[in-house]
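Hi,

Here is the model I promised to pass on. Have a look at it first, and then read my notes below.

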Amino acid sequence: MDCIFCKIATKKIETEFLYEDEDIVVFNDLNPQAPVHFLVIPKRHIASANEIGKGDIPLIGHIFEVIAHLAKELGIGEEGYRIVNNIGEAGGQSVPHLHFHVLGGRSLQWPPG
Ligand code: 5GP
Ligand code: ZN
C-alpha cells in the first residue's frame, strides 16, 4: 500500500524513532507546530480513528500509556501538553494512517481553528 506512515513504520523511509515496540512507532513531526511535536502511530495500517475496532482497544490504551511515559521523559508531563487526532477531511487529516499528535513545550490555545 502506498501509505507514507506504513513506509515509515516498516523503515522503507528512514526516520529516527523516539520509541518503537512490536505495535507502535513514535517520531517527530516533519513540520512541528510546537517545541515538542511528535506522532504516535500503530505499525498496522488503520486509516483513521473511524476504523478502530473492538480488537484495537488494547492497542489504543497502549498508545496513551506510551504517550504519558514519553511526555514525562521529554519534560512536558508536569506542565501539560495536548494529544490531537484528526479524522477525515473536515477534521484536517492529511495522512490516512491513524496517528496521534503530541504537542507541548508552549502554551496551547483553545479552541483550535
Ligand atoms: P494530519 O494532518 O494527518 O493530522 O497530520 C499529518 C502530520 O504528518 C502532519 O503534521 C505532517 O507534518 C506530518 N508528516 C507528513 N509526512 C511526514 C513524513 O514523511 N515524516 C514525518 N516525520 N512527518 C510527516
Ligand atoms: Zn499506512
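H97 sits in the loop between β4 and β5 (helices, H or I with at least four residues, and strands, E with at least two, are DSSP runs numbered from the N terminus). H97 counts as buried because its relative accessible area is 0%; buried means under 20%, exposed over 50% and partly exposed in between, with a 1.4 Å probe and protein chains only. A polar atom of the H97 side chain lies 2.8 Å from the backbone oxygen of P42. That is a polar contact, meaning a pair of N or O atoms within 3.5 Å; within protein, one must be able to donate a hydrogen and the other to accept it, and residues adjacent in sequence count only if both atoms are side-chain atoms.

Before the rest, some housekeeping. This is a predicted model, in which local features need pLDDT of at least 70 and side-chain atom pairs count only at pLDDT 80 or more, while totals for chains, interfaces and linings use all residues. Residues are numbered from 1 along each chain as its sequence is written, chains are lettered from A and ligands numbered from 1 in the order in which they are written, and side-chain values use heavy atoms, with hydrogens and water left out.

C3 is buried, like H97.

H99 is in the loop between β4 and β5 and counts as buried, since its relative accessibility is 5%. The side chain of H99 reaches the backbone oxygen of H97 at 2.6 Å.

H99 also turns up around the other ligand. Ligand 1 is surrounded by 16 residues, the closest being D29, N86, S94, H99 and H101; a residue counts as near if one of its heavy atoms lies within 4 Å.

- D29: a polar side-chain atom at 2.5 Å.
- S94: a backbone N or O atom at 2.6 Å.
- G92: a backbone N or O atom at 3.1 Å.

The protein covers 82% of the 520 Å² of accessible area that ligand 1 has on its own (areas by the Shrake-Rupley method with a 1.4 Å probe; for residues, only the protein chains shown count as cover).

On to the packing. The largest nonpolar core has 17 residues, and F38, V40 and I63 have the most contacts inside it. Such a core is a set of buried Ala, Val, Leu, Ile, Met, Phe, Trp, Tyr and Cys residues joined through side-chain atoms within 4.5 Å. Two or more residues each come from β2 (24-28), β3 (36-42), α2 (57-73) and β5. The largest share is that of α2, with seven residues.

Two backbone details deserve a check by eye. Most residues other than glycine have a negative phi, and most peptide bonds are trans. K11, in the loop between α1 and β1 (17-20), has a positive phi of about 65° although it is not a glycine. W110 and P111 are joined by a cis peptide bond, with omega of about 5°, and P111 is in the segment after β5.

Finally, some distances to orient yourself. Y81, in strand β4, is partly exposed because its relative accessibility is 29%. Y81 and A71 are ten residues apart in sequence and 8.0 Å apart from C-alpha to C-alpha. A34, in the loop between β2 and β3, is 17 residues along the chain from E51, and their C-alpha atoms are 28 Å apart.

Cheers
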